[in-house]
Amino acid sequence: MEKNKSLDDLLSALTDGLSDEELLLASIQSDIAAAISTARTAKGLSQQELASDLGVTQGLVSRWENGDVNFTLQTLARIALKLEIEMKSPFAATQSPVYLTNKLRTHPYETGPSYAAASSKSKKRGWTVRSGSQLTKV
């Protein structure tokens, strides 16, 4: 019980004076860093190997895993595809998972202009829309 109180006191001292936005950002960055590190080590990749695969430096991968980076969505998507991490948008009206295999992907948008735009771009990259919401490699 005493250890929990000490930990609570420490966390309170560390976060004292931070805005709700800063706390939310720190939480998201921590979640992303942990997911990248866990997935990379589970695949048996070193930071250098992941960096080489993604065309970045080992130092940048280290910064990702320490939560020291404000990611672009493009970078997060590249990392997720390489490490086979499932990504979901917290802003999507309905959650459809994006399966990260080369055989089949389910696109998160099933209707509307966003889906149409994504579909045409996907065709250019060798993916074809099937069954309204599925993309398959051609």
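Predicted model: local features only at pLDDT ≥ 70, side-chain atom pairs only at ≥ 80, totals over all residues.
Colleague: Which residues of H3 are buried, then?

Modeller: In H3 the buried positions are Gln47, Leu50, Ala51 and Leu54. Around the axis they cover an arc of only 100 degrees, so they sit on the same side of H3.

Colleague: What do the buried residues of H3 pack against?

Modeller: Their packing partners are H2, H4 and H5.

Colleague: Let us turn to H5. Which of its residues are buried?

Modeller: Helix H5 spans residues 73–83, and its buried residues are Leu76, Ile79, Ala80 and Leu83. Seen down the axis of H5, they fall within an arc of 100 degrees, so they line one face of the helix.

Colleague: What covers them?

Modeller: The cover includes helix H2 (20–42), helix H3 (47–54) and helix H4 (58–65).

Colleague: Which residue follows H5, and what is its phi?

Modeller: Glu84 follows H5, with a positive phi near 55 degrees.

Colleague: Changing topic: where is there a nonpolar patch?

Modeller: A nonpolar patch on the surface is formed by Leu7, Leu10, Leu11 and Leu14. Together these residues have about 390 Å² of accessible area.

Colleague: Which helix holds Leu11?

Modeller: Leu11 is found in helix H1, which covers residues 2–15.

Colleague: Now the whole chain. How many helices and strands are there?

Modeller: The protein chain has six helices and three strands. From the N terminus on, the order of elements is α-α-α-α-α-β-α-β-β.

Colleague: What share of the chain is buried?

Modeller: Of the 138 residues in the protein chain, 25% are buried. The accessible surface comes to about 9700 Å², and carbon and sulfur atoms account for 54% of that surface.

Colleague: What about contacts between residues 24 or more positions apart?

Modeller: Such pairs account for 40% of the contacts in the protein chain with a separation of 6 or more.

Key: Residues numbered from 1 in each chain as written. Heavy atoms only, no water. Patch = residues over 30% accessible without salt bridge, like charges linked within 9 Å, V, L, I, M, F, W, Y side chains within 5 Å. Areas by Shrake-Rupley, 256 points an atom, 1.4 Å probe, with all protein chains shown as cover. Salt bridge = Lys/Arg side-chain N within 4 Å of Asp/Glu carboxyl O. Helix = DSSP H or I, 4+ residues; strand = E, 2+ residues; numbered from the N terminus. Buried < 20%, exposed > 50% of the residue type's maximum accessible area, 1.4 Å probe, protein only. Arc of directions from axis to C-beta. Contact = heavy atoms within 4.5 Å.
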